[in-house]
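The sequence and structure come before the discussion.

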Amino acid sequence: MPIAMATTTPTSPGWQLITAALIGFAVIVLLITRFKLHPFLSLTIGALTVGAIAGMGMEGMLASYSTGVGTTVASVGVLIALGAIIGKLLADSGGADTIVDTLVGNTNPRAIPWAMALVGAIIGLPMFFEIGLVLLVPVILLTAKKSRLPLMKVAIPTLAGLSTMHALVPPHPGPLAAIGLLKADLGTTLWMGILIAVPTVVIAGPLFGNLAARWVPVSAPDLFTSSDSETSAGIAPRRPGFVITLVTVLLPVVLMMGKALSDILAAEGSGVRMAFDFVGQPMFALLLTALIALFTLGHGSGMTREQISASVGASLPPIAGILLIVAAGGGFKQVLIDTGIGTMLAQSILGSRLSPILLAWAVAVVIRLATGSATVATVTAAGILEPVAAALPPTHAAMLVLAIGAGSVFFSHVNDAGFWLIKEYFGISVGENIKTWSLMETVLSVVALCLVLLLSLII
């Protein structure tokens, strides 16, 4: 999620902040799992609990929570809504079936997890994780359904591709921000990132997906499958073609990639850069895609105006609960950030005798665990480690960027918006989400760190 973070002065002594965070996490998990309270209410209560114990005061606590909710809805919430509209049009027009039938029909079932890992990596390169997720959910669910594979065998490789690009490979915004702060060389970081990303996706994706499917043997829910496919058969007289459907789905990817590349290659103030700065913004890219999908997927499949309007309208009610949960997660995250716990933990690690690469990874990990945001962890850790990077050669500065990226995705849990998106979209419990998604993120983080350390021994 694109949220910046400056170093925050801790509101209380370290022991009090850690106690507040641990009790807050425990309250959320207990309310959801033991008392079956809705995650929106559980996250809200957890946020207020953390603020109270951390000594923020009622006014500061409520202001922090409200800021987090508002920022999350303004950024991620709108993107989720636009992604849901595109996803529903894909389902009702038969476009998602076209993509999935082509993928499943031309791919050996054993190779589908590998193909989905590649799809996730391509989609995830220019996009923030949540945007790529909402675009790919219909494809993940329909692929799992039609291939008759367990959901996690399809979902985990796709998520691994998305998350690895988010963490390691420029021109994704996270690594680019760290490169700028640490004065690392873009080209060096790019080829090192790709070199590390490929085996990381393989291990955290298809290979770990086999284990995850055994631990959580669930089938794809019917969010975009059975009921929606039956509805779409009665709405769309014909399916849109594969090429036009693929172009529609990839349009926001192309626009965001264009913005990332123009920021690197085009001169500041040039017409090309100004154009891509506008059309490549995530909200505009998805809005434009949604509008184009009305024609390419809606009218292109023979749907009437009334049917298209009904499809768009039907896309929003199912995600209302998801939006509230993600918003409350943003509020909880902001309370944690404003207590200063991330800054406090990171500064304490800087006093250790760890190697620079391990230090960079550890700082990013504690900020990630404390705040729940990979982007916050990346930007903050890079800012803290800037003096360390200044004394290193360019190749090692690039390795610091990659180590920070690896640490920034470590163990997603209840303070991460992505955690709740995946739980709700896939219809699994908190425990099942921890055994699959959270562990996948941990495997990804540790594997990437080990590869960076190995690379540092060679170069």
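Trp191 is found in helix α9, where helices (H or I, at least four residues) are DSSP runs, numbered from the N terminus. At 42% relative accessibility, Trp191 counts as partly exposed, since the scale used here calls a residue buried under 20% relative accessible area, exposed over 50% and partly exposed in between, with a 1.4 Å probe and protein chains only. The model is a predicted one, in which local features need pLDDT of at least 70 and side-chain atom pairs count only at pLDDT 80 or more, while totals for chains, interfaces and linings use all residues. Residues are numbered from 1 along each chain as its sequence is written, and side-chain values use heavy atoms, with hydrogens and water left out.

Together with Leu195, Leu454, Leu457, Ile458 and Ile459, Trp191 forms a nonpolar patch on the surface, with about 660 Å² of accessible area together. Such a patch is made of residues with over 30% relative accessible area and no salt bridge, nonpolar side chains (Val, Leu, Ile, Met, Phe, Trp, Tyr) being joined within 5 Å, and the areas come from the Shrake-Rupley method with a 1.4 Å probe, only the protein chains shown counting as cover for residues. The elements that give two or more residues to this patch are α9 (186-215) and α22, and the largest share, three residues, comes from α22.

## Pro206 in helix α9

Helix α9 also holds Pro206, which is buried, with a relative accessible area of 4%. Pro206 and Lys153 are 53 residues apart in sequence, yet their C-alpha atoms are 7.0 Å apart in space.

## Salt bridges

A search of the whole structure finds eight salt bridges, each defined as a side-chain nitrogen of Lys or Arg within 4 Å of a carboxyl oxygen of Asp or Glu. One of them joins the side chains of Asp92 and Lys88, at 3.2 Å from N to O; both residues lie in helix α3 (residues 58-93), four residues apart, or about one turn of the helix. Asp92 is buried, with a relative accessible area of 1%, and Lys88 counts as buried too, at 8%.

The side chains of Asp97 and Lys146 also meet in a salt bridge, at 2.9 Å from N to O. This pair links distant parts of the chain, with Asp97 in helix α4 (residues 95-105) and Lys146 in helix α6, 49 residues apart. Asp97 counts as buried at 8% relative accessibility, whereas Lys146, at 31%, counts as partly exposed. Both residues belong to a network of salt bridges that links Asp97, Asp101, Lys146 and Arg239.

A search of the whole structure finds one cavity of 30 Å³ or more, a cavity being a set of points on a 1 Å grid over the protein atoms alone where a 1.4 Å probe fits but cannot get out. About 130 Å³ of space lies in the largest cavity, the volume being the space filled by probe spheres set on the points, which are joined across faces, edges and corners. Its lining has 16 residues, of which Phe129, Glu130, Arg368, Ala374 and Asp416 are the closest to its centre; lining residues have an atom within 4 Å of a point. The elements that give two or more residues to the lining are α6 (129-147), α7 (151-168), α18 (374-384) and α22 (430-458). The lining divides into five nonpolar, six polar and five charged residues, where Ala, Val, Leu, Ile, Met, Phe, Trp, Tyr, Cys and Pro count as nonpolar, Asp, Glu, Lys and Arg as charged, and the others, Gly among them, as polar.

Arg368 forms a salt bridge with Asp416, the closest N and O atoms being 3.5 Å apart. The pair links distant parts of the chain, with Arg368 in helix α17 (residues 356-371) and Asp416 in the loop between α20 (394-407) and α21 (417-426), 48 residues apart. Arg368 is buried at 3% relative accessible area, and Asp416 is buried at 6%.

## Positive phi angles in two loops

Most residues other than glycine have a negative phi. Lys36, although not a glycine, has a positive phi of about 55°; Lys36 lies in the loop between α1 (14-33) and α2 (39-53) and is exposed, with a relative accessible area of 66%. Phe411, also not a glycine, has a positive phi of about 40°. Phe411 is found in the loop between α20 and α21 and counts as partly exposed, at 25% relative accessibility.

Notes. 1 Å grid on protein atoms, 1.4 Å probe; cavity = no way out; pocket = protein on both sides within 12 Å on 5 of 7 lines; lining within 4 Å. Patch = residues over 30% accessible without salt bridge, like charges linked within 9 Å, V, L, I, M, F, W, Y side chains within 5 Å.
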